[in-house]
Amino acid sequence: MHVDALIAPLLNGSAQGALLLLAALGLSLTFGQMGVINMAHGEFLMIGAFAAYLVQQVITASDLSIPVALPVAFVVAGLFGLLLEVTIIQWMYRRPLDTLLVTVGVGLILQQAALQIFPSQGVPVEKPGWLDGQLNILGYEWPLRQLFTILLATVCVAALSAWLKYTSFGRRIRATVHNRDLAETSGISTRTVDRLTFFTGSGLAGVAGVAASLIGGTNSQMGAQYIIPAFLVVAAGGIGQLKGTIIAAWAVGVALSYFAYWTTGSLAQVLAFILVIVFLQLRPQGLFTVRTRSLA
Amino acid sequence: MTKPWISLSGIGAFAVLLLGVAPFVLTDHWLNNLGKYCCWAIAAVGIGLAWGRGGMLVMGQGVFFALGAYSMAMHLTLETAGDRIPGFMVLYDPLAPLPAFWEPFRSAGFTLLAIVVLPVVLAGVLGYALFKRRVKGAYFAILTQALAVALAILISSTIRETGGDTGLSDFKYFFGYVLNDPANKLMVYLIAAGLLVVCLLAVWQLYRSRFGELLVATRDAEERVRFLGYDPANVKLVAFVVSALMASIGGAMFVPIVGIITPAEIGAAASIMMIAGVAFGGRASLFGPALGAMAVGWGQSSLGSTWPEGWTYILGLLFVVVILFLPNGLSSLPARIAAARRKPDPQPTPAAPAAAVLEEVRS
């Protein structure tokens, strides 16, 4: 076997894993830290992708539009998330399983709205010229945009963990997660923390959407195909564990890529799903677990 | 629960309406549609058992629906094809042999057995593995949904073996009966409606048994049940297996009534629609899931074809409004109104706007 036959799925898979990680990062924040199961997260990703498209309509130079689109998508998707939190989620913190169903409904509405606002076959998001090239790695011509996805995911993970660790907002979020009542007693507004966490988590979905729009198509269905894999990644990584999410996303991405190389793309998805389900069978709490005193 | 005859006479009235009245007042077209809603309602009764009473949000009932539906569809396809290879397989390769897993479905007995045994075995293995490891809540929901997605992808991609996205269709015979004959169509409808009544009777009996009490107890306080010496995993397992069996039966009857089965009928969206009906009608009540599923099925086939954009919005709003304001569905509405009447100055009832929207959906 030639060496690039082995290395190509590894590199492609790493990029796919990075994209999954971007999609799962926001989820791990909202699901892991707040216990909210947001099935509309995939639609926030879609909103980010459409935001990138709209930015390109204003700034036509594609070299510039993508760097501008990233923060725009973050803010737009974040605001949608904030709206969802304020209007619906905040009434449902005591019913986590029901948030799942409510957000399924929100996702349906957002999908249909996108289908009617934008052309049904989807819109093209132009790739900037500086992402056109390839990088030669052991004889395999690796597309630069895959490297870009990995870099973007790395930056987002680094920024998120630094934000959680070193800023006062981050400390407040962690305090609220650890002990909501005590945090409130010490003067932290847990409502503000909830809103900010939800804004950030949804905004990260928007950033993931920009990355997804550079790799696949941008259409109303794109969110639906990310939501289940992203949830499986978060679950396999362990709730509230960034490092677990990172490892799980990378592993799933690479596994998908190798399976697709050996079989077909759709069979690879089935196999990857089964792999994660079997893994959760062995470790129901995911890769890394937080030790708690709860009974379950 | 204290007055069993109320529920029983309710089931009786429902049976008379479905089996005695509907065939005489409805046109063939609407009777066929009603048969389709009955199939969804059968699956919904199972979801009501697992989710409403058991607290397990089964978001992948499409998997079990598919087991029943594809078992039945394979048998009917082979029956239609006779000694030859089914038409769609020959399309891709004129000399294609019949896949080995199709062969046993030539036998009617094996097919009927498969419709019952396959979901029981799969749900049994899956449920045993998951519940014993105490997988629950959102994890369970996401895993079951992932299975439905995976199965739909698998069927879509195996076009030579399962018909892929076009699915299986053009059935001519149903266990020897010509499906085009109106009398036989009526028979198929009556079987589906009869099975729905049987399923209702079965859950009615389950709900008032000790098992039903234990199931609700497991839903509300799993740890206490464990401390009382029961194994909640076994309780949940039984409910999950029964609900899977009902989904499979619904799927099996869906095929001769609708005449086609595709991955779109069993995937994530279809599984979520089954949940929608149950949530709408009232997940924990006896009739709620079945009636809700029929209402949503009716919306799907009437509004969904004439006004598809609007239907998706309504379905989305249905989830939001019902779960947010009426978590126990429409069936809890009378009790809520009665409670509001008794206390003249309670909290402003959030049920009122919900009711307005739901009436709109229904009309």
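This is a predicted model: local features need pLDDT of at least 70, side-chain atom pairs count only at pLDDT 80 or more; totals for chains, interfaces and linings use all residues.

Biologist: Where is the kink in H13(B) centred?

Modeller: Helices are DSSP runs of H or I with at least four residues, strands are E runs of at least two, and both are numbered from the N terminus. Helix H13 (residues 288-306) of chain B reaches 26 Å from its first C-alpha to its last, close to the 27 Å expected at 1.5 Å a residue (that is, 1.5 Å times one less than its number of residues). Its buried residues include B:Gly297, B:Gly299 and B:Gln300. Taking the bend as the angle between axes fitted to the seven residues ending at a residue and the seven starting there, the kink is about 25 degrees and centred on B:Gln300.

Biologist: Which element of chain B has the lowest mean pLDDT?

Modeller: pLDDT is the predictor's confidence in each residue, from 0 to 100, and chain B averages 88. Helix H11 (residues 232-258) of chain B has the highest mean, 96. Over residues 348-363 of chain B, though, pLDDT stays under 50. The lowest mean, 42, belongs to helix H16 (residues 351-362) of chain B.

Biologist: Which helix gives the largest share of the side of chain B that touches chain A?

Modeller: The contact takes 35 residues from chain B and 33 residues from chain A, two residues being in contact if their C-beta atoms, placed from the backbone, lie within 7 Å. Helices H6 (137-157), H12 (268-281) and H14 (308-325) of chain B each supply at least two residues of that side. The largest share, 14 residues, comes from H6(B).

Biologist: What is the radius of gyration of chain A?

Modeller: Chain A has 11 helices and two strands. The globule rule, 2.2 Å times the number of residues to the power 0.38, goes with a radius taken over C-alpha atoms. For 296 residues the rule gives 19 Å, so chain A is as compact as a globular protein of that length, with its own radius of gyration close to that at 19 Å.

Notes. Residues are numbered from 1 along each chain as its sequence is written. Chains are lettered from A and ligands numbered from 1 in the order in which they are written. A residue is buried if 20 or more other C-beta atoms lie within 10 Å of its own, exposed if 12 or fewer, and partly exposed in between; C-beta atoms are placed from the backbone.
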